[in-house]
Amino acid sequence: MTSSINKTNYLKKYFGYDQFRPNQEAIIDDLLAGKDVVAIMPTGGGKSLCFQLPALILQGTAIVVSPLIALMKDQVDALHANGIAADYYNSSQSSAIQNQVLQNLHQQKTKLLYVAPESLGHLLPNLQEENISLFAIDEAHCISAWGHDFRPAYTQLGKLKVQFPSIPVAAFTATADVATQDDIVQQLQIPSGKKHLASFDRKNLFLEVRPGTQRLPQILKFLKNKKEESGIIYCLSRKNTKNIAQKLNEKGLEAQAYHAGLSPEKRSQIQDDFVNDRTPIIVATIAFGMGIDKSNVRWVIHYNMPKNIEGYYQEVGRSGRDGLPAETLLFYSYADVIQLRQFMEDAPNAEFQLAKLERMQQFAEALSCRRIALLNYFGEHVSKNCGNCDNCQTPPEFFDGTILAQKICSAVHRLKQQEPIGMLVDVLRGSKNAQIYDKGYQHIKTYGVAKNVAWLDLQQYVIQLVNQGILEIRFHQNGRLLLTPLAKKVLFEGEKVQLASLQIKKKSVAKEALD
Ligand code: ADP
Ligand code: ZN
């Protein structure tokens, strides 16, 4: 087909590449066919090319919404260097320059026009007359209060589809859980948007979670055979970064503390020392890491639990970028959960944050493959044990939980996938509470089929099924439970389910209480 010849020609001619990366070609095809798109690709996956290349092939100008004013000029300069006509429009420009940009647009001299979301309001009235090829929304998770970086200016982007119903809208992000993905689609008003989910799996990262007891001695032991290796320890508080760095120094380990309270000069010096292998260990708040390009970070430790799974995965993802094995270790303590909850309670989107924290906690408490739990959280339905996490390597004691899992899945089905964990457990245990009678749930076939299992145990088993990717929690929809494709196998194809015996977990929780 001519268009496929075109695509590869353009790829070579303007970008100098011979091949597409995973998902790029499918996204480009959708855009060339005029479809809306939601693309979730990891950092460095090559998102820009997905809208830049169609922008070159299609008639008219592509409008690219990007939140990073500071980077806009660089992006446009890079396009110019490749011989591509591009402009940007934001509040840092004089009105004379802005008018010039608009004139270039009107004369169809521009293939790509980058605009800050805050400036879109100014730009929109001018677009009605113009020939627009597509809208690309970079960092699209910023549109959602469920995302971890909500920006009010993004909410007006919903207008695009209303004002320009026939022009494709493409949303790009490197970080969005299922809740955020759904919200992006809804807010941008692109219900038939085609979803492209690149794999987020980083097979070379060993994932481990331990109870947060005796953390410092554990860290010293962990670092024993890692003398020259680079690594990052993430803490919640600035004070802790200093304390821990100092304690490591006292033990003869070279470490520097890093947090947002240090002067910009000091911060860039510490980063520099780390990137150039002069300081092997950084003890930091989450302020550290954004934009740091270091491929040989060999380990990441979370001294405290991150506030959500996105943060956790972003932070552990800073290790092992070279593809070589890297180790990650998360310390989980209930005290951290309480503290994080207190931080969140006053936030404007407290409800969202608390729901995400709860999912993080469920991940930390997982008794099955961590990677399955993690990838399912981002909407990737995998079910094969990874062999490279603590739970795969030292599995807890399992029993054949197939029948119980079938009962649970069947009840989720009969509750029409509308109810959260609490109601599900009540129904399975045959509770006589008023809500059940109001909704008539005492009549469904699975009512009371697990009445011999204690309430909290049953709740834990349900969470295990979530972590195993058999159920999904729509925590943005009252926490209702859904069946995944794997659940259908459990219900209809005799797929076996292993459940972890709960004794082990009780022991470690009890141990923490004693500590
Ligand atoms: P993202 O925005 O997804 O983080 P970028 O769009 O900045 O990633 O791309 C990351 C890097 O990969 C860039 O240097 C880009 O030029 C390069 N790249 C993109 N597509 C390809 C490809 N098909 N082949 C080789 N390199 C590519
Ligand atoms: Zn695993």
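# Briefing: sheets, helix contacts and ligand shell

Helices α17 and α18 are roughly perpendicular to each other, a description that covers angles of 65 to 115 degrees, whereas under 35 degrees counts as roughly parallel, over 145 as roughly antiparallel and the rest as oblique. The model is predicted: local features need pLDDT of at least 70 and side-chain atom pairs count only at pLDDT 80 or more, while totals for chains, interfaces and linings use all residues. Residues are numbered from 1 along each chain as its sequence is written, and chains are lettered from A and ligands numbered from 1 in the order in which they are written. Helices (H or I, at least four residues) and strands (E, at least two) are DSSP runs numbered from the N terminus.

- Strand β3 runs parallel to strand β4 (residues 112–115), and 4 bridges join the two.
- Y89 has V115 in β4 as its bridge partner.

**The six-stranded sheet**

- A further open sheet, of 6 strands with parallel pairing, has the order β8-β13-β12-β9-β11-β10.
- β8 (205–211) and β10 (255–258) stand at its edges with a single partner strand each, so one side of each lacks a neighbour in the sheet.
- The twist here averages 15° from one strand to the next.

- Strand β15 (residues 471–474) and strand β16 (residues 480–483) run antiparallel and are joined by 4 bridges.
- E472 stands opposite L482 in β16.
- The hairpin has 5 residues between its strands, and N478 in the turn has a positive phi of about 60°.

**Contacts of helix α17**

- The axes of α17 (residues 402–414) and α18 (residues 421–428) come within 10 Å and cross at roughly 115°.
- This crossing of α17 and α18 is right-handed; a crossing is right-handed if the near helix is turned clockwise from the far one by less than a right angle, and left-handed if anticlockwise.
- K407, I408, A411 and V412 of α17 make the contact with L424, V427 and L428 of α18, where contact requires C-beta atoms, placed from the backbone, to lie within 7 Å.
- By class, this contact of α17 with α18 comprises 6 nonpolar, no polar and 1 charged residues; Ala, Val, Leu, Ile, Met, Phe, Trp, Tyr, Cys and Pro count as nonpolar, Asp, Glu, Lys and Arg as charged, and the others, Gly among them, as polar.
- α17 also packs with helix α21 (residues 485–492) at an angle of about 120°, their axes being 9 Å apart.
- That angle makes α17 oblique to α21.
- The crossing of α17 and α21 is left-handed.
- In this pairing, A405, Q406, C409 and S410 in α17 meet A487, V490 and L491 in α21.
- The contact of α17 with α21 has 5 nonpolar, 2 polar and no charged residues.

**Helices α13 and α14**

- Helix α13 (residues 334–345) and helix α14 (residues 350–364) have axes that come within 9 Å and cross at roughly 165°.
- That angle makes α13 roughly antiparallel to α14.
- α13 passes α14 in a right-handed crossing.
- V337, L340, R341, M344 and E345 in α13 meet A350, Q353, L354, L357 and Q361 in α14.
- The residues of this contact of α13 with α14 divide into 6 nonpolar, 2 polar and 2 charged.

**Surroundings of ligand 1**

- Ligand 1 is surrounded by 13 residues, of which the closest are Y17, G45, G46, K47 and S48; a residue is near a molecule if its C-beta atom, placed from the backbone, lies within 6 Å of it.
- Helix α3 (residues 47–57) gives the most to this shell around ligand 1, with 3 residues.
- The shell around ligand 1 has 4 nonpolar, 7 polar and 2 charged residues.

Methods: Pairing = 2+ DSSP bridges. Axes fitted to C-alpha atoms, helices over the stretch in contact; angles between N-to-C directions. Contact = placed C-beta atoms within 7 Å.
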